[in-house]
Amino acid sequence: REVVQLSCNLINPNFFDLNMKQLISKRTIDKLSKLKATQILSHFHSKSSIPTSSLPPSTSWTKCRFFQIHNTPVPKFVSWSGKIFIHTDTATDTAEEMVSETEDDATMNDFLSRFVWIMRGKLMEVYPDFGKKTIDEMLLVIVAKVVSELEKGGFDQIVGGKSSSPSQDDDFSHDLWKTVWEVSNVVLEDMEKAKRKDKMKNFLQAEQVKEMCRFAGEVGIRGDMLREYRFKWAREKMEESEFYHSLERFKEEEQQGTEYGIGVVEHQSRAEDPKLVALPKRRGKINYKIYGLDLSDSKWSQVADKIHEAEKIICPQEPKKIDGKCKIITEKLLSSQEQDDYSPLIAEWVQLLQPSRVDWINLLDRLNNRNPSLYLKIAEHVLGEESFQTNIRDYSKLVDAHARDNRLEDAERIIRKMSENGIVPDILTSTIMVHMYSKAGDLDRAKAAFESLRTQGFLPDMGVYNSMILAYVNAGDPKKGESLMKEMEVRDIKPSKKIYMALLRSFSQHGDANGAHRIATTMQFSGFQPTLESCMLLVEAFGKAGDPDQARQNFDYMIKLGHKPDDRCTATMIAAYEKNNLLDKALNLLIELEKDGFEPGVATYSVLVDWLSKMQLIDEAEQLLDKIAEQGEAPPFKVHISLCDMYARANVEKKALQALGVLEAKQEQLEPEDFERIIWSLIAGGFVQDAQKFQGLMEARGFTVSEQLQVTLMASQTFLRRRPSVR
């Protein structure tokens, strides 16, 4: 009753008297089994090839087992120009035909499986109360009618999407036929998409597409853009392949039409001269353009070769696997000490492994992680190995490693090896040499390395300029450093604040007020605002140049900028007054600052002690020494020079020799002017032997004694009273 009630809804009244059992009888199944899949494939080939899809079908209809192909010869269909020609063949099918029929059966089964899967869902939506068995019988009725239409050649109506019934029997209702045709079109579209997707996968792995992707990667295309280009090239390749296949299929259809004899046209076509049909030839050169860049030039082939060579360095091969005895030797090498003789181990390791450059680098990396000090020695030994394929970058790495640890002798040894092997230092190695020698204070060698960069045509970078400027500053020649700074500005290289301050400090220490003022002005124009330290250096520069008024102007300008003078800055201003012996102005300055809450510190007291010692105000100077002691700090080294000068001139022998002992113990801190001041004070106090002793210490330091001091010292041995020296 359910089946009859369902049939009333699905089919027209003319179909009521048919028995459902008759639809699934043996006669119907035999009739369906005689259907050859070539009937549907003839249409598929007119559209495009359709593969088997992975759409999940119904479990009971997956293989469509009731469509069994009988051995009875059946007509075969051939499609040509929209017409179907039929011929029979009573002979046994060849193996090639059997394979073709197997593929056709798979395509037919795929179509029916997809059709049943979608149709089952639609039936279950309309009749949710029906059981699975009833739905299966309904599907059997629908599939039987669809296959029947395929037998009659009505499959074109399915593809065309006609909503009207193809049969004049009107077995199904108009709505049911419309649903059948819509589902059939959906199935064909899905099969077409699946086929193109599978073909696209093959063309994505095509060699030509891979080659184009590699080339695109070499010129800098990465990520999503490279992926889009790959799909584009694969799609173009697929369309090209389909075009040529369509030409071949068209040619085959023409040959088949001639073979079956289409009237008199066959004899006429044979009598006519054959026409040559070919694709148009390309003219001119092939142009490859990416982002407007013409890559068809021959120079890009050279670029590609260089890129391939660089890939060998950037993406090296994997090192060889180390096992057995070679592994034991490797562990011995890694656990060696600096004093051990590692040459036999390396020789045995080379004999066992036959290493390439990749294996050497792997060994050195492991050694660097475990024993960095031994790494440098073995790396230097490896430079002489032929299999290591030493290049200039290997030398520069070792030079840089030694330079970072201030091992100049080791670095110079590596540089000599480079020269012995005929390798000229490149820009990187020369840059490392400039940094190394400037850091070591070797100005001559730093200048030679710097000039080597220019000789080779390399333009120094900011780091090289900074090193050379600091080298000149440390050598006491800030003017040459200033010339390099101007060269940087011409090349639009902005010097750092560190460089400005180094030059300003050097000019200030040498008492070059004009140079300090130039640097401070240039620094301000470069966007660096005056700081407490820069203002203090200007005060110091003008003070040492003997211009206390300009020093005071800069001191007041510093206060105007909002910088509160500290103890060191105040001491610098007091020292400027001391140079011109302007004690009243110095005292007025201290009184003004104390009103604003300033309290003198060790630096200010030290300058005042020096000033009072020159004036031989011993009691006042000792009072200031007590104030330094009250602050819990020892007197600075410069204070002992002042005390020695004061006590020696005042003939206070005990305190003079006590201060002299402190100076002798720390003589490496004495400058040439300090030595001369001490010697002059000793001569003035009659300590001639001590004066001669300090003259010897001064000359041992490499300082030159002034001619006037030498004459005075020689005269003092004759005319002045000698004082015994305490040893």
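Mentor: Buried means under 20% relative accessible area, exposed over 50%, and partly exposed in between, using a 1.4 Å probe and protein chains only. This is a predicted model, in which local features need pLDDT of at least 70, side-chain atom pairs count only at pLDDT 80 or more, and totals for chains, interfaces and linings use all residues. Residues are numbered from 1 along each chain as its sequence is written, and side-chain values use heavy atoms, with hydrogens and water left out.

Trainee: Is aspartate 645 buried or exposed?

Mentor: The cut-off for buried is under 20% relative accessible area. Aspartate 645 has 5% relative accessibility, so aspartate 645 counts as buried.

Trainee: Which residue forms a salt bridge with aspartate 645 at 3.3 Å?

Mentor: A salt bridge is a side-chain nitrogen of Lys or Arg within 4 Å of a carboxyl oxygen of Asp or Glu. Helices are DSSP runs of H or I with at least four residues, and strands are runs of E with at least two, numbered from the N terminus. Aspartate 645 lies in helix 31 and the partner in helix 33 (residues 672-685), so the pair ties together parts that are 32 residues apart in sequence. The partner, with its closest N and O atoms 3.3 Å apart from those of aspartate 645, is arginine 677.

Trainee: How far apart in the helix are arginine 649 and aspartate 645?

Mentor: Their side chains also meet in a salt bridge (2.6 Å, N to O). An α-helix has 3.6 residues a turn, so residues three or four places apart point the same way. Arginine 649 and aspartate 645 are four residues apart in helix 31, and are therefore separated by about one helical turn.

Trainee: How many residues of helix 27 are buried?

Mentor: Helix 27 runs over residues 567-579. Its buried residues, among them Cys569, Met573 and Tyr577, pack against helix 25 (532-544), helix 26 (548-560), helix 28 (583-595) and helix 29 (602-614), where contact means heavy atoms within 4.5 Å. Helix 27 is mostly covered, and of its 13 residues the number buried is ten.

Definitions and conventions
Expected span 1.5 Å × (residues − 1).
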